[in-house]
Amino acid sequence: MTPRTHFDTLTELQEQPWLLTESYHNALLDCLENLPALDAKEYTLADKLAYKDEDEEKGFVDLGDGLVEVPITGALLRRPSPVEKAFFGLTDTAALRETLYDLAADQDVKGVLLNIDSQGGSVGGTPEAARAVRELNKVKPVVAYSEGMTASAAYWIGSQARLFVAEPSAKIGSIGVYVPVIDQSKRYADAGVEVELVTNSEGTYKGAGYPGTPVTDAQRANIQEQVDLIFADFKGEVLAKRPKVKDAAMRGQVFMGTQAKKQNLIDLVGDYGDAHTLLAAEVLR
């Protein structure tokens, strides 16, 4: 497999669907735009920095008594580069999925605590990680816990747990999808530059968003269709696990702990100890 670089993520940030808070998207985009390319030696160093200890490398922490904790932090990306993992503390959704399936098969593991603090991430890898949580929960209890932020892609994954506990000040939700469409045609025109993109005759949707060209109505409709299909999957999986969540709570907004509980996005407003206690109780049921 060809190694990813942060330039791959930079490209995706500018044109692909995202399940991420807008503020984090802008911050990550700005950071990656100003991150220099690294040579082979620097990449090797970054790879070592990406995993600070054995627990982090294997993807979970042993809590004892058959319980383990799986941290889900930072932006969620499928197979991020070593640079991104080292400098931005991102979670690899492909590795997360593999960890969850391994835990499902491990007879010594009785229950799993997802410790989430993430503003979301890319669409790629998120449905698969959510499915892994759902499949794991069929064979042993999974409890999600959040002290900080569980937004968008992170909520999609966390919502598939058996129970969800969040601190009063935690921010939960941001259920929605978007694609950043950058139309720079006016900027180019103001600079006296005219860009013409020649595509094949049937290429109605080809070249959408190319710098200096306007986004056509057909291209915009095609992008809208993609976003709506992804949202339908997101919403459907949330409702399959949490049927009491209303449409009004799935319009991209976030809720603090008590509000999230009222909206049925979580099951309990509590702390880490509460989440641990609930998991232990579910194991004994």
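Q: Is Glu282 buried or exposed?
A: This is a predicted model, so local features need pLDDT of at least 70, side-chain atom pairs count only at pLDDT 80 or more, and totals for chains, interfaces and linings use all residues. Buried means under 20% relative accessible area, exposed over 50%, and partly exposed in between (1.4 Å probe, protein chains only). With a relative accessible area of 12%, Glu282 is therefore buried.

Q: How many residues apart in sequence are the parts that Arg162 and Glu282 tie together?
A: Their side chains meet in a salt bridge at 3.4 Å, N to O, within the cut-off for this term (a side-chain nitrogen of Lys or Arg within 4 Å of a carboxyl oxygen of Asp or Glu). Helices (H or I, at least four residues) and strands (E, at least two) are DSSP runs, numbered from the N terminus. Arg162 lies in the loop between α8 and β9 and Glu282 in helix α12, so the parts they tie together are apart in sequence by 120 residues.

Q: Which residues are linked in a network of salt bridges?
A: Let's stay with the charged side chains, where the count comes to eight salt bridges. The network links Arg162, Glu282 and Arg285.

Q: Which residue in the loop between α10 and β11 pairs with Asp267?
A: Asp267, at 32% relative accessibility, counts as partly exposed. Its salt bridge partner is buried at a relative accessible area of 7%, and the N to O distance is 2.6 Å. The two are 25 residues apart, with Asp267 in the loop between α11 and β12 and, in the loop between α10 and β11, Arg242.

Q: What is the angle between the planes of Tyr145 and Tyr272?
A: Rings of Phe, Tyr and Trp (its six-membered ring) pair if their centres lie within 6.5 Å; planes under 30 degrees apart count as stacked, over 60 as edge-to-face and the rest as tilted. Tyr145 and Tyr272 lie 5.5 Å apart, centre to centre, and are edge-to-face. They link strand β8 to helix α12, 127 residues apart. The angle between the planes is 85°.

Q: How many residues does the largest nonpolar core have?
A: A nonpolar core is a set of buried Ala, Val, Leu, Ile, Met, Phe, Trp, Tyr and Cys residues joined through side-chain atoms within 4.5 Å. In the largest one, the residues with the most contacts inside it are Val112, Leu114 and Ile172. Elements giving two or more residues to this core include β6 and α10.

Q: Which backbone nitrogen lies 3.0 Å from a polar atom of the side chain of Asn137?
A: Asn137 is placed in helix α7 and counts as buried at 8% relative accessibility. Contact means heavy atoms within 4.5 Å, and beyond four places in sequence the residues in contact with Asn137 are Val142, Gln160, Ala161, Arg162 and Lys241. The backbone nitrogen 3.0 Å away belongs to Val142.

Q: How far apart in space are Gly111 and Leu136, C-alpha to C-alpha?
A: Gly111 lies in strand β6 and is buried, with a relative accessible area of 0%. Beyond four places in sequence, residues touching Gly111 include Gly66, Pro141 and Leu279. Gly111 and Leu136 are 25 residues apart in sequence, and their C-alpha to C-alpha distance is 9.3 Å.

Key: Residues are numbered from 1 along each chain as its sequence is written. Side-chain values use heavy atoms; hydrogens and water are left out. A polar contact is a pair of N or O atoms within 3.5 Å; within protein, one must be able to donate a hydrogen and the other to accept it, and residues adjacent in sequence count only if both atoms are side-chain atoms.
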